[in-house]
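Biologist: Please show me the model, and let us then discuss it by question and answer.

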Amino acid sequence: MIAVCTKPCAWPPESLAFRPLARLKQLMVPATPQDTAHIPAAASPQTQTHNALLAAVGARQDRDAFRTLFEYYAPRLKSYLLKNGAAEALAEEIVQNTFVTIWEKAAQYDPQKAAASTWIFTIARNRRIDTLRREKYVEVDSDNPALERAATTDAPDDAYADTATIEKLRAAISALPEEQAKLLRMAFFEDKTHQAIADETRIPLGTVKSRLRLALEKLRGGFTPRKKTEESQ
Amino acid sequence: MIDHSLVEMMLMHYAAGHLRPTEALLVACHVALNPLARRKLEAFEAMGAKMICECPEEDAAPVSKDCFEKVMARIESPAPPAPAHIPMQQDAAIPPAVMKLLCGNCTERSIRWQKLPSGVEAVSLHVPAGSPCRHRLRLLRLSPHQQTPAHSHAGREVTLVLQGGFSDHAGSYRAGDLIVIDDKAFVHAPRAGADGCLCLMLTDAPLLFRRVRIWFFGFFKRV
């Protein structure tokens, strides 16, 4: 993709620029808390527990682990489904379908690639659409040789969103002005069209669109590619 | 130039599960071909997951008491066999999800391309159920350096480059790029690159060709 470079000079990044003296200084001075501030904290204990539980379900069909995950996620997923307009009985059906699929696919789960919560969310999203529309949501084909070809040529080692990317995105979302953040939440979480958002908030449709566009432009900072190859795509 | 906001908007709506099947198909293929798009999508999915995990305890909707037992009962009972996963062939350019929408048991070589009045080769795809009836899905093929006549768009046009590439006055695009045009005033005359171009295109209104002759013949010869 052709990423528009907004910074005057994004390449080479500070870390790779040839500045031998500065580099030497860095090596000699022990890291201070400020230096490490940009490194995101390790995944929260809750995330790690859930990842381990889901991996246990996948590895040895651990029923207790499955039950623990069910008790945590089922009410939350149901609340999400109800907010998205599913009726009580339908929400329950989707929750059941989701957990049957989680059980069946758990062996494919890889904690290195995604957090358990994200993995469960995508399954719930797909099952919601399958159940509502009686049709299959087109899923991303993860073993596409074309992707492998692309990944080996010009992608970072981790094709998956890593913790740093998500942390950055989260920071970018919390830094959004309230008027933009609100519209983004409505568009993302409540399945509302731009027209429905405009009607509900009594903001003109054009303004809704331009505010969402501004919000996404700010979030783009969270996806800043690390390699030049991606920058020039 | 690619309008990144429009592409990200589509990724965001895909992550949230709002897209119609036709749009979801294009986004899924885009993500399968483009590692950066995949990272963006996964970040949006993580955003959705975070929202669910942050749901306060009192907002969580309790499920019925026998819900877990029902799930376990369904797991115990023999499940219907899952549909076979069709892996993409090493040298294939068209994703299996798209091949399924072609008429008959076509292979990539046996596609019956139809020459459009504009000189572009095209083949129409079945529009999956549940999509708005005005959506049209087509595969388009241009030979190397072939130029299409200048046209504007009566509606939104979403194009995914599957192989090769093309360029217009606004920029150049290569395999894996998704181009969303949602501007009725935008006129362009795309030109294929040195390797030709194969793309998947979703439109919800006809293209408006500048030259009357093409428009006239095109009217009688719709694919």
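This is a predicted model: local features need pLDDT of at least 70, side-chain atom pairs count only at pLDDT 80 or more; totals for chains, interfaces and linings use all residues.

Modeller: Residues are numbered from 1 along each chain as its sequence is written, chains are lettered from A and ligands numbered from 1 in the order in which they are written, and side-chain values use heavy atoms, with hydrogens and water left out.

Biologist: What average pLDDT does chain A have?

Modeller: The pLDDT is the predictor's confidence in each residue, from 0 to 100. In chain A, 61% of the residues score at least 70. Over residues 3–9 of chain A the pLDDT is below 50, and it is also below 50 over residues 11–41 of chain A. The average for chain A is 72.

Biologist: Is R125(A) buried or exposed?

Modeller: R125(A) belongs to helix α5 (residues 116–133) of chain A. Contact means heavy atoms within 4.5 Å, and, not counting residues up to four places away in sequence, R125(A) touches Y137(A), Y14(B), A15(B), A16(B), G17(B) and E45(B). Because its relative accessible area is 3%, R125(A) is buried.

Biologist: How many disulfides does the structure hold over all chains?

Modeller: A disulfide is a pair of cysteine sulfur atoms within 2.5 Å. For C29(B), the nearest cysteine sulfur is that of C199(B), 13 Å away. C29(B) counts as buried at 5% relative accessibility, and C53(B) counts as buried at 18%. Over all chains, the number of disulfides is zero.

Biologist: At what angle do helices α2 and α3 of chain B pack?

Modeller: Axes are lines fitted to C-alpha atoms, for helices over the stretch in contact, and angles run from 0 to 180 degrees between N-to-C directions. H30(B), V31(B) and L33(B) in α2(B) meet P35(B), A37(B), R38(B) and L41(B) in α3(B). These residues divide into five nonpolar, one polar and one charged, where Ala, Val, Leu, Ile, Met, Phe, Trp, Tyr, Cys and Pro count as nonpolar, Asp, Glu, Lys and Arg as charged, and the others, Gly among them, as polar. The axes of α2 (residues 21–33) and α3 (residues 35–53) of chain B are 5 Å apart, at an angle of about 120°.

Biologist: What phi does H145(B) have?

Modeller: H145(B) lies in the loop between β3 (136–142) and β4 (151–153) of chain B. H145(B) is partly exposed, with a relative accessible area of 47%. Although H145(B) is not a glycine, its phi is positive, at about 65°.

Methods: Helices (H or I, at least four residues) and strands (E, at least two) are DSSP runs, numbered from the N terminus. Buried means under 20% relative accessible area, exposed over 50%, partly exposed in between (1.4 Å probe, protein chains only).
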